[in-house]
Each structure stands twice: as structure tokens, then as C-alpha cells.
Amino acid sequence: MNAPVCPLPATEEGVIERGHGGGGALTGRLVAALFRPCFGAPPDEPLHDGATLAVGGSRLAFTTDSFVVTPLEFPGGDIGALAVIGTVNDLAMCGAKPLSLSAGFILEEGLDIARLRRIAASMGQAAAAAGVRVVTGDTKVVERGKGDGIYITTAGVGLIPPGVTIGPQCVRPGDAVLLSGDVGRHGIAIMAAREGLGFETEIVSDLASLAPAVAGLIAAGVTLHCLRDLTRGGLASALVEIATGAGVELRLDAAAVPVGEAVRGACEILGLDPWYVANEGRLVAFVPEPEAARALAILRSHPGGAEAAVIGRVAAASGRGRVLAETIGGVRVLDLLSGEQLPRIC
Amino acid sequence: MKYVDEYRDPVAARRLAGAIRALVTRPWTIMEICGGQTHSLLRHGIDQMLPEGVTLLHGPGCPVCVTAAEVIDQAIALAATPGVILCSFGDMLRVPGETGSLLAAKARGADVRMVYSPLDAVALARAQPEREVVFLAVGFETTAPASAMAVLAAADAGLRNFSLLVAHVLVPPAIAALLAAPDNRVQGFLAAGHVCTVMGYDEYEPIARRFGVPIVVTGFEPVDLLQGILACLRQLEARRAEVENAYGRSVRLGGNAPAQAALRQVFAVVPRVWRGMGEIPASGLDLAPAYARFDARARFPSAVAAPASVGPCISGEILRGRSRPTACPAFGTGCTPARPLGATMVSSEGACAAYYRYRRAAA
């Protein structure tokens, strides 16, 4: 037996691991250190859910997302609805009214066409509900065993109303942080379906378009400083990214964050933190404190928004940016996950 | 949530913290043995509620952390063996051995699967009779009974393609080893509630007597932890050194008899190497002779003896003063501070990094 040594985890220059797609620190490093330099992106350009393009006199939001979920169909949705709603939500987070989507399909040889039809129909329904159309697409087929049935990539464009500028750079000390509903349902629903965990209560994904809620906020004249949908990495990762991007300190009221009983129970059993579990129909909104009550009422008026809450505030500008949550004995600092969240041993 | 919220009640927690402050007359050092307790203490800020003189030391109760690097390397070598599916719990996959982690091995093509129960690995072996399924059995007395049940299930089903790489460890011998160390500073222990739920707590009596330390069986929620700390400090202030159960809602003196019976049937107590602590006598479990046919080490002797993916890194030899950085074939070529293969090339105080910075031209 060798003497105790402390070897290193693999570095970026090794190979791609699952955690590089987890939406946490590894993903961030890949984007910052590999993609952005290769694509010639200015290093100080703010990162957001989509890009803003000036075209003629108007501003377009442009975004893309790929979907590789297993199982293809899960309680509360399927990969098709997810591919439409995920991109619609990214557009909504730019304050844009979603207009059109593209859809690229990578299908695995042997896929049941009836299943593909079901998933495509689900995409059509989700698009109609969100007021967008899928206007262009592409289909490729890979050999059996080289894919998980279906991978879908969608891209979308949307129109940003005049006067709306949303992003971490707009966050100001004193802003209230609003959350649009309970967190953690999508990630646990997928995990339960994939691993056959057999919980007594079926946990249903929160998958839902956020575009109507954002349109409602904009129509009511609420000043939106920043919006972010809570996908991979969950609530905590989204808040850490915004705090870092804005260079501010966030103070969270931990007790105000709604987490359903079934999700809490599942997270206790599996050793997961619901604040880091994925969602597909939840957002955080940063608005000036005096407008918080009005914004909250609008979020609560939308389907699935009954549990919307003010969960914290922007305390101060603080160079590096961080997120603090009150605990029983003091405060804890939230951080990005260093890889995927993995169930613990005991 | 019932059975959780009442033990995270801030009012009850503050009341207990107040009782602790009123009680303590001098500095005391307590160790919580379990990594789950360590996380809960820090997550809820319990350490920040204690009087300044009360020091909590964090014990070797993280199953992932104490598993010897050699075992992880053996698991990686097994995973790279043609036909083998290597199964383990999720948080074991990320820990590096000396040849990387199981997640990294998976990224390089090894068939590594995350399971939620050892019985899932048995089901996999049954479903894929043409493959060899190896379960990396790590953890304390909490997880060992499930490993034992997996072996019994595999034996019942007559499976010939299921085996375990066993690295189970036992808590009481580790506590005794810590207390026997000449530089020991620990004056009282919080025993791990989950381990005691399985094993009971009568086995701690001889330790408390021999070393004169209080040992308090403690749970995991903020109120549980503060109750355990308070009970331990009460004993210390009163110069008592007894075994006490502060987690009565889960733990009974005799523990879980069927789980213990399964352990006794399937496993035998053996010496075990703990990462960072070295070998501790009678501190591990391995398969008993009657179940030796499920031993992955016996089934794949070559993979386990000479891990296939051992890189050229010789940091272990360097740390023991047996070799020099410049003797390593990877030094300055495959291994640099920007792309290190071992700890000695990373740390600013590491020998290889120092040689790279100051002596590379001479190498």
C-alpha cells in the first residue's frame, strides 16, 4: 500500500465528462476557457440565456438549446414539449416575445415512428400554446446504438419590446428577488422515472412556458432588471451566476423558497439539495423593491404560480458577487456545483 | 415535512445553544465521527452557535474519503477489464484514486454504472448473464448490510457473474485508533446515529471505559446535533465518561438484529487500510470463506494486482523519499504544472513542481 497521496481530479485537457454538461462550474469553465475564446467573444460580454441582435430598428433575441433527456417521455411532459418550452423560456428570459423556432432531430435507427409522431405532436401543441411556430428543421439518423432514440436541438428568435433591457448588468442593490413557484420537481421526476425509484407519490415535472408570465410583467410596466429560468443546476446555480455576473451580494431567506413535500422527501432520501435540482418552468426575477408586490401578484396569477414568493434581496455591490442564505446558526455561502449532483452513499 | 421540520426548528435549536452556553465553564474538544453530521453542522451553521471554547473536530466518517486510493484504482482496473460492468454508489464515482476517478474512467469508455442499491447490481447481473457485474462495496456498518443482502440474493439465485470488491469499514476500531494516538486531542465523541441504528451502541462501552471519554449517540438534524453536543458537554463538565443515547427515536441498545445477522453470515472482520490513517486492525469487513466465490479480487487477480491504467506518475515513491522527480519518465514531458499527473506536480510546495521550476534545464 502506498503512502497517503492526494491525486488530482482530471483537468480540462483530459476528456469530456458528464459534469461538463451539468450546468455548473465545469460547464462554465468550458464556455469561458474553450468556446468563447475559439468563437472570438469579447471576454467582458455578459453571459445570458440568449443573445440580443439589433436588426433594422428592432432588437431580436436569439437562442439555442439541445435536449438529450432519458426517458423520452416522463410525468409532466416529453422531450418534444421540453425542446419547445426550453427555447421559448430562454427567449422570454431576454424579455422577448417568442416568434419562431427551428428544430433539428437526431434520430436513432430503429426508433418507433409512432413514438416520434407522439413527440412531434406534443411539440406542436407546446408551440401553439406558447404562440410560436416551428418554421424550419432538419433530420439526421444515426446507427442503432449511437443515440438515445431522439436528440432534439431547437433555436428560436423573439422580438424584444422597445425599452426592455434585461440581464445581470442591470441588477441593482435593493432589488427584490422573486421566484415563480416551487423548485426541484423536474429533476426529481426525471430521476424517479429513469431509475425506477418507485416513490409513493408521483412527482410531476414543472415543465411550462414562462412566456405568458414575462409578457404579463412587461405589459404591466414592471421594471425587470434580470430574469433567469432555473434549468440545470437549479435555483442556486442561477442565483450564483447572476450574483457573479452582476458583482452583487444576494441575501436569501431560505424559509421563503417553496419546495414541495414529495420533492423534499425524495431529496432527503437521495442526499440531494433541492436548490440545485433542475426545473423547466420556474424563473427568478430581479425587480426594484417598490415594484415587488405588484410583480408577485402577476406571477401568482399565472398557472403554476400560486406559490411564487419573494425569496431575497440584493444587499450590496461586492466586486466578486456571492449568494448568502440564512441558516439556523448563521449564514452559508452558495456555490456552483463542481460536477453533477450525485446521490450519496448513506 | 414530518420528522424533519421539528428537528430543524430554529427556536428549539437556539434554546439548546443557550443551554450549552450556560453550561460550559472551560474549553472542550469534541469529535463528530460522521461526515453526514459534519455537513449538517456546517450547512445549518451549528458550529457558529457554540461558545468559543467548544471545538468540534471532524472525524473520519466519510465512506468516500476513507476508502483507500488503492481500492479505487482496483475498481478502475476492473472497470477497464473486458466484459466487466462496475457498479457503485453515485458519490463514489468522482473520488480520485492514483489513476483517476471512476467517472473519468467511464468517460474513457469503461462500463461504470451508478446504482442506488447493491440489489440493483444483482438485478443487472441476472439480466446480463454474459457480462461480469462487480459491485464496489464501500461504506460503514450502514451500507454493509445491504451488501450482505446482495450476496445472499446472488447466492440464492445461483449467480456466477456477480462479485464484490469489498472495502467496508467499521467505526468503533477507528475511534479507538484515534483515541490511542499519542497526540490525541479529542475529549468526547458524537457517535454516528445511522451506524448505531444498525449496530446498537453496546460496543462503545469498552472504548468509553478504556479511554475515559463520553460517547454520545447523535442524530443528524440541527436539534439532534445540539442535543448530542449538550449531552456530551454535560458529561465532560461533570467528569463523567459514559455511553449515552441522544438519538432515541432511531437507535436501540442492541441495534438491528437481522442486519447484524446478515453481516455475520456474509462477512468476516479483517484489518483495513483507511485513506489518510493507514492500516487499523480489525476495522474492515471482507467476504467470509463461505462466500469467497463472490470476491472480485479472487475472480480477477490480474486486474486487481496490477491496475492496468497505472500512469507513469511516481508521486507515491517521491513522497516517501524513495525516488526523485527527475527519475519519473513523465517529468517535464507528460507531466507539467499546467497538466499535472500527480499531487506533487500541483502543489506549490510539491517536489515535482519545485524541480520543474528550478531544475528543469538540468534534468
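**View 1. B:Arg239 in the loop between helix H11 (222–237) and strand E9 (243–245) of chain B**. In this predicted model, local features need pLDDT of at least 70 and side-chain atom pairs count only at pLDDT 80 or more, whereas totals for chains, interfaces and linings use all residues. Residues are numbered from 1 along each chain as its sequence is written, chains are lettered from A and ligands numbered from 1 in the order in which they are written, and side-chain values use heavy atoms, with hydrogens and water left out. Helices (H or I, at least four residues) and strands (E, at least two) are DSSP runs, numbered from the N terminus. B:Arg239 is not a glycine, yet its phi is positive, at about 60°. With a relative accessibility of 54%, B:Arg239 counts as exposed (over 50% relative accessible area; buried means under 20%, and partly exposed is in between, with a 1.4 Å probe and protein chains only).

**View 2. B:Ala282 in strand E11 (residues 278–287) of chain B**. Here too a residue other than glycine has a positive phi, which for B:Ala282 is near 50°. The relative accessible area of B:Ala282 is 41%, so the residue is classed as partly exposed.

**View 3. The open sheet of chain A, with five strands in the order E1-E2-E7-E5-E6**. The pairing in this sheet is mixed, where two strands pair if DSSP finds at least two bridges between them. Strand E1 (51–55) and strand E6 (133–142) of chain A stand at the edges with a single partner strand each, so one side of each has no neighbour in the sheet. From one strand to the next, the twist averages 20° (axes are lines fitted to C-alpha atoms, for helices over the stretch in contact, and angles run from 0 to 180 degrees between N-to-C directions). Strand E5 (residues 97–108) of chain A pairs with E6(A) in the parallel sense over nine bridges, and A:Ser100 stands opposite A:Arg133 in E6(A).

**View 4. Helices H2 and H3 of chain A against the sheet**. H2(A) lies across strand E2 (58–67), E5 and strand E7 (150–160) of chain A, and runs at about 150° to E2(A). Helix H3 (residues 113–130) of chain A packs on the sheet by touching E5 and E7 of chain A, its direction making about 10° with that of E7(A); contact means heavy atoms within 4.5 Å.

**View 5. A:Asn89 in helix H2 (residues 79–93) of chain A**. A:Asn89 has 1% relative accessibility and therefore counts as buried. Its side chain reaches the backbone oxygen of A:Glu280 at 3.4 Å. Leaving aside residues up to four places away in sequence, A:Asn89 touches A:Ala208, A:Ser209, A:Leu210, A:Ala211, A:Asp229, A:Glu280 and A:Gly281.

**View 6. Packing of helix H5 (residues 211–219) and helix H8 (residues 292–301) of chain A**. The two helices pack at an angle of about 145°, with their axes 9 Å apart. A:Ala213, A:Gly216 and A:Leu217 of H5(A) make the contact with A:Ala295, A:Ile298 and A:Leu299 of H8(A). These contact residues divide into five nonpolar, one polar and no charged (Ala, Val, Leu, Ile, Met, Phe, Trp, Tyr, Cys and Pro count as nonpolar, Asp, Glu, Lys and Arg as charged, and the others, Gly among them, as polar).

**View 7. The cis peptide bond that joins A:Thr70 and A:Pro71**. Omega of this bond is about 0°, and A:Pro71 lies in the loop between E2 and strand E3 (73–74) of chain A.

How values were computed
Polar contact = N/O pair within 3.5 Å; in protein donor to acceptor, adjacent residues only side chain to side chain.
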